[in-house]
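Me: I am new to reading protein structures. Could we go through this one by question and answer?

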Amino acid sequence: HHKQSVTSAKTGDNVLIILKETPFSAESGGQVSDHGWLYSDTSSAYIDGVKKAPKGQHIHEATIKDGEIKVGQNITAKLDRDFRMGIIKNHTATHLLHQALKDVLGTHVNQAGSLVTPDRLRFDFTHFSALSDDELNQIEQIVNEKIWASLPVAVDHMKIDEAKKMGAMALFGEKYGDIVRVVQIGDYSVELCGGCHVRNSSEIGLFKFVSESGIGAGTRRIEALTSRKAYEFISGKLNILQQSAQRLKANEDQIISRIDGLFDEIKSLEKTNESLSAKLAHLESSSLTDQVKKVENVNVLAHKVGAKDMNSLRNMVDDLKQKLESAVILLAAENNGKVQLAAGVSKDLIEKGLHAGNLIKEAARLCGGGGGGRPDMAQAGGKDPRQIDSAIEF
């Protein structure tokens, strides 16, 4: 990073190296650069990036792993073959995808950026709406058909006018010289491209979408996998399917109907549960009427009940107000370690100045909480269930 020219570099140094000739391809048009090794008699270095200099030379980003490397030495350059194979499969697949998008969605589709790595491909394109499952399936099908059709991939250099006559797709905003590099895949796809490709589409093996999303107004993004990564992705999904089938104790082709069945079952159980809870609450409130005390000639009912939520608690208060006609009621319940309180005051007692909201405030404060409401009906919550009895007593 000292921006200075050196004549040698030693173990641990990070340097930029220019070779007289190179098998490494540089970053271009979204394709990541090759990785690999340089070996001389006295050293080895790892190349983890290659960029193009303005004058066209390839600049290799190298870490010296061992020994000392010098200007003027003869070296052996060794490409990381698996890395390169992953890149070229994804790159050729990107060209097939581009054409398939035009076939299915229309000629307005244009590339708006792409990223090609050994592991996956990402393709951004102009389109006004999300793709339907049907469209995605169609596009994926076409790309795979072209892979299985074993189309030859030809790379030629020609004058830009000739390339345009052939219908080569050019990238908007890119600068092209008079002589351009044209990549043709059978008679299916023709594009201007500086990157590396497979020799035959069949080398890609398999193509699988992973996601499709919007990344801005009128721009969509597709991520996809090919070859080994596509196979691993599908295997992973099948594995989840198998595990799901085992959990559901069903065959794989019965999973969906089994899940639908379970949802129906849950719905009907919830209904049963609700009607039983209502019956229980009703029974409970019937038996509560025996617990009424007289205070200053007013019927008072303060009690802890087994209501499962605030809704059933309020319903019980309503229920009791109707039964008792004239009363002050406070019901408390404990759920998930929290306190729930509901209070009700009948009409005749409100006229005498009693107020459910004010009564419940103090009871809730004792349980470490708060709440309030109207004169006839109020609710509150609290954090400390151990204080329920003293709240009721109060």
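Me: Which residue in β19 is the bridge partner of A343?
Reply: This is a predicted model, where local features need pLDDT of at least 70, side-chain atom pairs count only at pLDDT 80 or more, and totals for chains, interfaces and linings use all residues. Residues are numbered from 1 along each chain as its sequence is written, and side-chain values use heavy atoms, with hydrogens and water left out. Strands are DSSP runs of E with at least two residues, and helices are runs of H or I with at least four, numbered from the N terminus. In β19, A343 has as its bridge partner A378.

Me: How many bridges pair β17 with β19?
Reply: Two strands pair if DSSP finds at least two bridges between them. β17 covers residues 338–345 and β19 covers residues 377–382. They run in the antiparallel sense, and the number of bridges is six.

Me: What do β18 and β19 form?
Reply: β18 covers residues 370–373, and four bridges join it to β19. The two run antiparallel. G372 has Q379 as its bridge partner in β19. With three residues between them, β18 and β19 form a hairpin.

Me: Are α1 and α2 oblique or roughly parallel to each other?
Reply: Axes are lines fitted to C-alpha atoms, for helices over the stretch in contact, and angles run from 0 to 180 degrees between N-to-C directions. The axes of α1 (residues 81–105) and α2 (residues 133–148) come within 9 Å and cross at roughly 135 degrees. Angles under 35 degrees count as roughly parallel, over 145 as roughly antiparallel, 65 to 115 as roughly perpendicular and the rest as oblique. The two helices are therefore oblique.

Me: How many nonpolar residues does the contact of α1 with α2 have?
Reply: Contact means heavy atoms within 4.5 Å. Residues of α1 including L97 and L101 meet residues of α2 including I139 and I142. Ala, Val, Leu, Ile, Met, Phe, Trp, Tyr, Cys and Pro count as nonpolar, Asp, Glu, Lys and Arg as charged, and the others, Gly among them, as polar. The contact has one polar and three charged residues, and its nonpolar residues number 10.

Me: Is K249 buried or exposed?
Reply: K249 sits in the loop between α4 (227–248) and α5 (255–288). Buried means under 20% relative accessible area, exposed over 50%, and partly exposed in between, with a 1.4 Å probe and protein chains only. At 76% relative accessibility, K249 is exposed.

Me: What is the phi of N336 near?
Reply: Most residues other than glycine have a negative phi. N336 lies in the loop between β16 (328–335) and β17. N336 has a positive phi, near 50 degrees.
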